[in-house]
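Subject: Handover of a structure

Dear colleague,

Please find the structure below, together with its sequence.

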Amino acid sequence: MARITVFDTTLRDGEQSPGATMTALEKLRMAHEIADLGVDVIEAGFAASSPEDAASICAISSEVRGVVITALARSISGDIDAAAKVLETAESARIHTFIATSDIHLERKFDISRQECLDRAGESVTYARSFMDDVEFSAEDATRTDLDFLCEVVEVAVSAGATTINIPDTVGYTLPTEMSHIIGTLLARVPGLTDCVVSAHCHDDLGLAVANSLAAVAAGARQVECTVNGIGERAGNAALEEIVMALHVRSDLLGHETGINTERLYRTSRLLAHLTGIEPQPNKAIVGRNAFAHEAGIHQHGVLSDPRTYEIMTPELVGAPGTELVLGKHSGRHGIEARYEALGYTLTREELDRVTEDLKTLAERKKTVLDEDLISILHHGIMEDVEQTFHLASLDVHCGGDLSKASIVIEGQDGVRLEASAAGDGPIMAAFAAMESVLDFRVVLDDLTVRSATPGRDALGEVSIHARVDGHTFTGRGAHTDVVHAAAQAYLHAVNKAAAARNLEEAHLESTANHWGV
């Protein structure tokens, strides 16, 4: 069993993903998180690309410990100088230099010959070695490079002193069998390469980045270059979490390990999503919202009996929230009964038969069935058209300074006026705090979405919230040209549903008590 080096390039190649740019402080925060995750190498950036990138790499080099920090450099002395300078304070440092080797790049991008490419490769590695012993060389577009010539380039880099040789599938072109052949051929034909670390850097243009990375490992590569959530140029890079968990779950076949603390994978994914605003797709392996969600009745029954029936890893192993049984038209009796039990209800056979039928009918016209719907179905209430127990009479918000302030007036059904003022981090949170202070409901906000319902400067803003009220899940919606007002409406909409649910539950308990003569 070999220890696979995990080379994280989230802060360099990953940040090149459109819209994924981070500030220097955000990069530093992410670097600390990635280091705590247990990666071996962090590619902190491309020093010569901008003064901002250079400053960011300097900060990471100075603060982040316990991991090798590397900076990218073209096969140009100025780039290598810049990389060496920003790495001066790193505890462990590596210069990563590269040059394109495919004919299309040499002819169309550089207008140089193969011999000139060989000369630059050797010279750049030799120059980088004058600064430090740890030098990585990459043959850009290696998988579209003539294999005989690629062997020549790699031999030159090894002879010049490169300690890591990286084989990038720069445009996501190769297939696993081809990647395996390339790595195997290089190891067999290049003198001295077995004394270096062979690395793979794969892109996902054909959706094969992870498969190609694993094929490289199987063929003898001992370093994988990847990014958190698979972000990166175009379709992205090989996803770190997928490679790590494939090696972990299928160690019986792959026979290798990493030093990654898998229980931190989910939190690292969430931090990156927070900093960049780019959420993994719901069905993303390992860290997607649906990675441990089950709707089909057969699957739910199996997971309830033994999670291993449909889960090849536990959510806890990657630090994700627990298994979720999603209720919908494909759900079966076992999943529905389990959700009701979690809400505190023990259903009779007749009740379970009825709610199962009603739930499937509801699920035909509604994407997600929530706790509010379950309560409604059980007690024959209607949650979508609840009466307004509480109505927003007025809202006044003042922004500026450290905190925003909101004053509200809420009218109850009985004509009682509830007035309150509160401060919060932003006008919406201030309005929520004011309402919570006078309403007899404990609201925990899980999600808030704001969108423009109409075009133009006077657009109507729609706000949707997903919240837990008194421990049950409810949604609320509001619309107004002022999004703060719309958010307050959505909040009260959820509270009004909770009030209706509370009335239904009380009526159910009263009828049950009367039935038993209590």
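How many helices and strands does the secondary structure of the protein chain come to? The protein chain has 17 helices and 18 strands, where helices (H or I, at least four residues) and strands (E, at least two) are DSSP runs numbered from the N terminus.

The model is a predicted one, in which local features need pLDDT of at least 70 and side-chain atom pairs count only at pLDDT 80 or more, while totals for chains, interfaces and linings use all residues. Residues are numbered from 1 along each chain as its sequence is written, and side-chain values use heavy atoms, with hydrogens and water left out.

Overall figures

Of the 518 residues of the protein chain, 51% count as buried; buried means under 20% relative accessible area, exposed means over 50%, and partly exposed lies in between (1.4 Å probe, protein chains only). Among contacts in the protein chain with a separation of 6 or more, 64% are between residues 24 or more positions apart, a contact being heavy atoms within 4.5 Å.

Helix α2 covers residues 51-63, and its 13 residues should span 18 Å at 1.5 Å a residue; the end C-alpha atoms are 19 Å apart, which agrees. The expected span is 1.5 Å times one less than the number of residues in the helix. Within α2, the residues Asp-53, Ala-54, Ser-56, Ile-57, Ile-60 and Ser-61 are buried. Seen down the axis of α2, these buried residues fall within an arc of 160 degrees, so they line one face of the helix; the arc is that of the directions from the helix axis to the C-beta atoms. An α-helix has 3.6 residues a turn, so residues three or four places apart point the same way. Pro-51 and Glu-52, on the other side of α2, are exposed.

The buried residues of α2 pack against α1 (24-37), β3 (41-46), β4 (68-74) and α3 (77-86). In α3, the buried residues are Asp-79, Ile-80, Ala-83, Ala-84 and Val-86. Their cover includes β3, α2, β4, β5 and α5 (114-129).

The second largest pocket

Grid points are joined across faces, edges and corners, and a volume is the space filled by probe spheres set on the points.

The second largest pocket holds about 380 Å³ of space. Its lining consists of 19 residues, with Arg-12, Asp-13, Phe-98, Glu-140 and Thr-170 lying nearest the centre. At least two lining residues come from each of β4, β5 (92-100), β6 (135-140) and β7 (164-169). By type, the lining has five nonpolar, eight polar and six charged residues; Ala, Val, Leu, Ile, Met, Phe, Trp, Tyr, Cys and Pro count as nonpolar, Asp, Glu, Lys and Arg as charged, and the others, Gly among them, as polar.

The largest cavity

One cavity of 30 Å³ or more is found in a search of the whole structure. The largest cavity contains about 30 Å³ of space, and its lining is formed by Leu-37, Val-228, Leu-240, Glu-241, Leu-265, Thr-268, Ser-269 and Val-287. Two or more of these residues come from each of α9 (240-249) and α11 (265-276), and α11 gives the most, with three. Five of the lining residues are nonpolar, two polar and one charged.

Individual residues

Asp-141 lies in the loop between β6 and α6 (147-160). Its phi is near 60 degrees, a positive value in a residue other than glycine, and at 0% relative accessibility Asp-141 counts as buried. Ile-104, in helix α4 (residues 103-110), touches Lys-109, Asp-141 and Arg-144, not counting residues up to four places away in sequence. Ile-104 is partly exposed, with a relative accessible area of 46%.

Arg-234, in the loop between β9 (223-226) and α9, also has a positive phi, near 55 degrees. Arg-234 is partly exposed, at 46% relative accessible area.

With kind regards

Key
On a 1 Å grid over the protein atoms alone, a cavity is a set of points where a 1.4 Å probe fits but cannot get out, and a pocket is an open set with protein on both sides within 12 Å along at least five of seven lines; lining residues have an atom within 4 Å of a point.
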